[in-house]
Amino acid sequence: MSTLRLILGDQLSTSIATLSDIDKQADRVLMVELSEEATYVRHHQQKLVLVLSAMRHFAAALKKDGVQVDYVRMDSKDNTGSFSGEVKRALQRRHHDQLVVTEPGEWRVRKMMQTWQKDLDIPVEIRDDDRFLCSLAEFAQWAKNRKSLRMEYFYRTMRRKTGWLMEGDKPVGGEWNYDRQNRKSLPRGMTYPGRLRFEADEITQDVMQLVKTRFDHHFGDLESFGWGTSRADAQQALTHFIEDCLPGFGDYQDAMKSGEDFLFHALISPYLNIGLLDPREVCKAALKAFEDERAPLAAVEGFVRQV
């Protein structure tokens, strides 16, 4: 049996449900760069470079691991520009017995996927995205019959579920939330951690040229682009945050200073959002820093709560 496995641009994780049972000999992974996804709203140019370059790096890593990858670049002359069109073309190129995908983060894409089994005449399995610490079904059960959906109460449920920062059924330190301690003003003369930036490799440079050519009318510029575009880059960014920024994150997470864009913030949301980092590993890294007394409780609690 041969399976076509579609990986989206925000699912760049080898632990994604789509790949959990892959047969490297029989199956193929499909990844596509789509003009439709870049233009249904005008995305920042740096976001486009980040996602497209990360996709290409991820595809290269899969191939290196022996996975068969069918990768369609945006400038391919036959690219239809849509998920439905590219899945159809992939099924025309090679026979597959089924299509497997992981639930997308956007409802409009989910509705599109739900038409494929009928339109493409192939069994389609849409798997739960288990990268989230709470599934949709779990959240629906928690929310059922509640008069209001307060994040604080959901957060406490998740703390109990994971056991993170817990002593039995009680929160470490006696408080669930240390937000009141995370509103300090910046001291005069304070120095801030230098932020980690990444040099654009050949893959990223090629993508930057593509974006400059096709999406120069989108807002933003690429002169200051310095985001990581691989799993290794993302892990390095996480380590930098834990070691250099997390100790001061709690005290000053609400502070602002002219000319200082980032202060002690993590700058890892893009990597979480596209799959290069996993929420569990991120939280566990912060928890380990607390256990090792490298970061205070208020900082770690505030960070874990946001993740």
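1. Strands β1 (residues 3–6) and β2 (residues 28–32) run parallel and are joined by 3 bridges. Arg-5 has Val-29 of β2 as its bridge partner. Helices (H or I, at least four residues) and strands (E, at least two) are DSSP runs, numbered from the N terminus. Two strands pair if DSSP finds at least two bridges between them.

2. The model is predicted: local features need pLDDT of at least 70 and side-chain atom pairs count only at pLDDT 80 or more, while totals for chains, interfaces and linings use all residues. Residues are numbered from 1 along each chain as its sequence is written, and side-chain values use heavy atoms, with hydrogens and water left out.

3. The open sheet has 5 strands in the order β3-β2-β1-β4-β5, with parallel pairing. Its edge strands, β3 (69–72) and β5 (124–127), each pair on one side only. On average, neighbouring strands are turned by 20 degrees against each other, direction ignored. Axes are lines fitted to C-alpha atoms, for helices over the stretch in contact, and angles run from 0 to 180 degrees between N-to-C directions.

4. Helix α2 (residues 45–64) lies across β2 and β3, at about 160 degrees to β3. Helix α3 (residues 83–93) packs on the sheet and touches β1, β2, β3 and β4; contact means heavy atoms within 4.5 Å.

5. Thr-102 belongs to strand β4 (residues 98–102). Thr-102 counts as buried because its relative accessibility is 0%, the cut-off for buried being under 20% relative accessible area (1.4 Å probe, protein chains only). Not counting residues up to four places away in sequence, Thr-102 touches residues including Ile-16, Thr-18, Met-113 and Arg-127.

Technical notes:
Buried < 20%, exposed > 50% of the residue type's maximum accessible area, 1.4 Å probe, protein only.
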